[in-house]
Amino acid sequence: MGRVQNKVALITGGAMGIGRACAERLAAEGAIVVITDVVDATGMATAEAISAAGGDATYLNHDVTSEAAWQAIIKQVRELHGRLDILVNNAGIAIRASIFEMSLQDFHRQNSVNLDGVFLGLKHAIPFMAEDGGGSVINLSSVAGLKASPGLSAYAMTKGGVRLLSKSVAKECAALGNGVRVNSVHPGIIATAIWNKMDAVGDQGENQVDVDAIAAMAVPGGLLGQADDIARGVVYLASDESRYVNASELVIDYGLSA
Ligand code: NAD
């Protein structure tokens, strides 16, 4: 019996990185997972790998910035599985630029994935989750949602927003008595592709950011985190083991923000 046995889980941005690790862990603990993303080939390969390992996984195309896409996804999950117990609002982008160099277009693009995406997920998934007694929503914030991140100021703004959006909606749900818990997770420096994609100025260069060097500099002991370190925390919040954990923030950063 897995820790989230037979629960239906939706993971946005689940094709790679932290989202993929969450999908793998949740499936290994018995969940029926629906992975969504905008990179279809990678997303399908992830779902196939989970199925090959004995899990139950489906991939669906889903741009989290689109309200129509959210409505379509909820409809598809209803048709596929009839219920939703776990939502991991994981899809996110990071654009590294000084505020003085960042275009308004990039500012809006980052907000639309990191904030609109989470807002729409909460708005459209929670009523569906509540129909069957409730569930658990886990929103990916960051240590950048807890402390200043010079050079990533606009990103930090989105992650601070995710933190308080999570807490406030958690209390709305508790007041409604709908059985849905909402918590945020705050990763530190985790080895994923996000670090290679974050340059707004320059040519989206490979290895523009050296994640090993950043971890060596910023993390106590220099320890770089792995996506699975975050997935293990997400499984705890998704499971009934955390039934009394609500409107809370789980920091997984090896002391970076302490
Ligand atoms: P990643 O780039 O490896 O994966 C992000 C995924 O989101 C990708 O598969 C991407 O295709 C998808 N995505 C992007 N835009 C999307 C959209 N509009 N709709 C649907 N999917 C979309 O990044 P990651 O490191 O795994 O990050 C996952 C989450 O964790 C993000 O919210 C990120 O901000 C957060 N986070 C990461 C770190 C870290 O060090 N890696 C630290 C703190 C927080």
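This is a predicted model: local features need pLDDT of at least 70, side-chain atom pairs count only at pLDDT 80 or more; totals for chains, interfaces and linings use all residues.
Me: Which residues of helix 1 are buried, and what follows the helix?
Reply: Buried in helix 1 are Ile18, Gly19, Ala21, Cys22, Ala23, Leu26 and Ala27. Just after helix 1 comes glycine 30, with a positive phi of about 100°.

Me: What makes strand 3 (56-61) and strand 7 (249-252) edge strands?
Reply: Seven strands form an open, parallel sheet in the order 3-2-1-4-5-6-7. Strand 3 and strand 7 each pair on one side only, and are its edge strands. From one strand to the next the twist averages 20°.

Me: What makes strand 1 (residues 8-12) and strand 4 (residues 86-89) a pair?
Reply: Pairing needs at least two bridges, and strands 1 and 4 have three, in the parallel sense. In strand 4, valine 88 stands opposite isoleucine 11.

Me: Why is serine 142 called buried?
Reply: Buried means under 20% relative accessible area; serine 142 has 7%, so it is buried. Serine 142 is in the loop between strand 5 (135-140) and helix 5 (153-176). Leaving out residues up to four places away in sequence, serine 142 touches Tyr155, Lys159, Val185, His186 and Pro187.

Me: What makes the approach of serine 142 to alanine 144 a polar contact?
Reply: The cut-off is 3.5 Å, and a polar side-chain atom of serine 142 lies 2.8 Å from the backbone nitrogen of alanine 144.

Definitions and conventions
Residues are numbered from 1 along each chain as its sequence is written. Side-chain values use heavy atoms; hydrogens and water are left out. Helices (H or I, at least four residues) and strands (E, at least two) are DSSP runs, numbered from the N terminus. Buried means under 20% relative accessible area, exposed over 50%, partly exposed in between (1.4 Å probe, protein chains only). A polar contact is a pair of N or O atoms within 3.5 Å; within protein, one must be able to donate a hydrogen and the other to accept it, and residues adjacent in sequence count only if both atoms are side-chain atoms. Contact means heavy atoms within 4.5 Å. Axes are lines fitted to C-alpha atoms, for helices over the stretch in contact, and angles run from 0 to 180 degrees between N-to-C directions.
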